[in-house]
Amino acid sequence: MTTFGSSRALFAGGVKMFSNDFADTEVSGRRSCNRQFVESATHYIASDATHTQEDQYTINDQLVFDLELSKYNPSSGKYEHYSAIEDMQLEFTMLDPHIRTDLKPAKGTPGKYSLLFRAPDRHGVYKFVVNHNRKGFSSVEASLQVAIVPPRHD
């Protein structure tokens, strides 16, 4: 279930639903789809929360941040690329935002928002943060942690 605030919840009949015995159950001599269902459901619930990627960049590197958005079209029953947001912002933060700038749609690629900028000349652990909230729409929240390190002098 997805709430109005775009958070996700899963109601399960019990802990046994997630056990190996339940996942490997056979019905009429055929393997059931219990394992596939549980994997799909837990991936859906935890996909945003467990997605972590640690990249390392050097001071003054050129950084690229890309974000792809899609919108559900009930008439076709499919998700379609969505590029109509004109006021989305990206923050590159350590404790406070070091860079706060507009995140504009990429030309020629529907649904993709992109920004190229130079990494700050201060090393540390930074986060790319997008937090776009508008009344009547689902919120767009994205966060990615990266490290900015001094240049190596080998």
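# Notebook: confidence, salt bridges and aromatic rings

**Confidence first.** I started with the scores: the chain averages a pLDDT of 83, and 90% of the residues score at least 70. I keep in mind that this is a predicted model. Next I went through the elements and noted that β9 has the highest mean pLDDT, 93, while α2 has the lowest, 70. I also marked residues 49-53, where pLDDT stays under 50. For that stretch I found two contacts beyond four places in sequence.

I began with Asp-24 and Arg-35, whose side chains meet at 2.7 Å, N to O. Asp-24 sits in the loop between α1 and β1 and Arg-35 in helix α2, so this pair ties together parts that are eleven residues apart in sequence. I checked how open they are: Asp-24 is partly exposed at 38% relative accessible area, and Arg-35 is partly exposed at 29%.

Then I turned to Asp-66 and Lys-112, which form a salt bridge at 3.7 Å, N to O. Asp-66 belongs to strand β4 and Lys-112 to strand β9, so the pair ties together parts that are 46 residues apart in sequence. Both came out as partly exposed in my notes, Asp-66 at 40% and Lys-112 at 22%.

I also looked at Glu-91 and Arg-100, whose closest N and O atoms are 2.8 Å apart. Is Arg-100 buried or exposed? Arg-100 is exposed, with a relative accessible area of 52%, whereas Glu-91 is partly exposed at 21%.

**Aromatic rings.** My count of aromatic pairs is six. One of them is Phe-92 with Phe-117: the ring centres are 5.3 Å apart and the planes stand at 65 degrees, so I wrote the pair down as edge-to-face, which takes an angle over 60. This pair links distant parts of the chain, with Phe-92 in strand β7 and Phe-117 in strand β9, 25 residues apart. I noted that both are buried.

Phe-92 turned up again with Phe-128, with centres 4.9 Å apart and planes at 50 degrees, so this pair is tilted. Phe-92 is in strand β7 and Phe-128 in strand β10, so the pair ties together parts that are 36 residues apart in sequence. I looked up their accessibility too: Phe-92 is buried at 0%, and Phe-128 is buried at 2%.

Which residues form one aromatic cluster? I listed Phe-65, Phe-92, Phe-117, Tyr-126 and Phe-128.

Notes: Residues numbered from 1 in each chain as written. Predicted model: local features only at pLDDT ≥ 70, side-chain atom pairs only at ≥ 80, totals over all residues. Heavy atoms only, no water. Salt bridge = Lys/Arg side-chain N within 4 Å of Asp/Glu carboxyl O. Helix = DSSP H or I, 4+ residues; strand = E, 2+ residues; numbered from the N terminus. Buried < 20%, exposed > 50% of the residue type's maximum accessible area, 1.4 Å probe, protein only. pLDDT = per-residue confidence, 0-100. Contact = heavy atoms within 4.5 Å. Phe/Tyr/Trp six-rings, centres within 6.5 Å; stacked < 30°, edge-to-face > 60°.
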